[in-house]
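Me: I have a chain open here and want to talk through a few spots in it. Can you take a look?

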Amino acid sequence: MGFLLAAALFFFSQRIHDKMPRQKNIMSIATTPEEVATAAAATIADYGAVAEGYAAGNMDHDVSQNMEALLGALADREAPLDILDVCSASGRDLVAFTKLGHRAVGLDGVPRFCEMARQLSGCEVWRQDLTALDLPLRRFDGVFANACIFHVPSTALDGTLRALVGALRPGGVLFVSNAHGFGEDKEGWTGGRTPSTRSYVCWLSEETWIERCEAVGLELLDKFYRPPGLPRERQPFLATVWRKSTAEKAA
């Protein structure tokens, strides 16, 4: 397969646009609670408009590197592990975690994705908005957030991260793969997956992303860019692995 075709297929298979939108498409930034709610609802509707096609297009996408990064950081814990799959979409990764012998729970804001994930995986799937999470405390050993947190407006990001950290048991691990800003912080509205929908994105630089995660008490264990084997300018995703403090006060 030629390089250009392989790159095109990669972009289609990510939870992001089929091509990285140019900066000129970025518009106003959500700062108020009302604007954050609008951004979340619009982004959920954007994915919902193409739910079937999105699920089919991503079903065979290989995220084993990401799953291994999460599970490797939890290797000192006895299986089965309790894993929260954030923005589980079709349920592909719920199936993978379950086949590995773990107890997985899904979460997504798109109603159709929740239905598909339950049907495909047989797992419990919660319908929740990333900007208004209501998660049980200290329920999970690991949280897997693959290609989704970049849709959270920066003004709501601390709340989202704190909710995810709170859902982890002491010493638990958070994995996040995020579309990044290639050294810049870029945020706002971008064109949707259909002519009548749009999405909100917040692509942070590596420096800013690490600062935001450390500010909520997380310890960085590992980081790498994806997809593997390509020059940095062709790696639009930054993957980071974080550990929650073993001290109960970190929850």
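Reply: Looking at it now. This is a predicted model. One place to begin is Cys 123, which touches Leu 94, Thr 98, Ala 104 and Arg 118, leaving aside residues up to four places away in sequence.

Me: Where does Cys 123 sit?

Reply: Cys 123 lies in the loop between α6 (111-121) and β3 (125-127).

Me: Buried or exposed? What's the number for Cys 123?

Reply: Cys 123 counts as buried because its relative accessibility is 12%, and the cut-off for buried is under 20%.

Me: And how far is Cys 123 from Val 105, C-alpha to C-alpha?

Reply: Those two C-alpha atoms are separated by 6.0 Å, with Cys 123 and Val 105 being 18 residues apart along the chain.

Me: Switching to α4. Which residues are buried there?

Reply: In α4, residues 64-72, the buried ones are Asn 66, Met 67, Ala 69, Leu 70 and Leu 71.

Me: What covers them?

Reply: The cover over the buried residues of α4 includes the helix α5 (92-99) and the strands β1 (82-86), β4 (140-146), β5 (168-179), β8 (218-226) and β9 (237-244).

Me: How many helices and strands in the chain?

Reply: Eight helices and nine strands. Of the chain's 251 residues, 54% count as buried.

Me: Now the surface. Which residues form the negative patch?

Reply: Glu 184, Asp 185, Glu 207, Glu 211 and Glu 214 form a negative surface patch. Glu 207 belongs to helix α8, residues 206-215.

Me: Is Glu 207 buried or exposed?

Reply: Exposed, with a relative accessible area of 57% for Glu 207.

Note on methods: Residues are numbered from 1 along each chain as its sequence is written. This is a predicted model: local features need pLDDT of at least 70, side-chain atom pairs count only at pLDDT 80 or more; totals for chains, interfaces and linings use all residues. Side-chain values use heavy atoms; hydrogens and water are left out. Buried means under 20% relative accessible area, exposed over 50%, partly exposed in between (1.4 Å probe, protein chains only). Helices (H or I, at least four residues) and strands (E, at least two) are DSSP runs, numbered from the N terminus. Contact means heavy atoms within 4.5 Å. Patches are made of residues with over 30% relative accessible area and no salt bridge: like charges are joined within 9 Å, nonpolar side chains (Val, Leu, Ile, Met, Phe, Trp, Tyr) within 5 Å. Accessible areas come from the Shrake-Rupley method with a 1.4 Å probe; for residues, only the protein chains shown count as cover. A salt bridge is a side-chain nitrogen of Lys or Arg within 4 Å of a carboxyl oxygen of Asp or Glu. Lys and Arg count as positive and Asp and Glu as negative; His and the chain ends are not counted. The place of a charge is taken as NZ of Lys, CZ of Arg, CG of Asp or CD of Glu.
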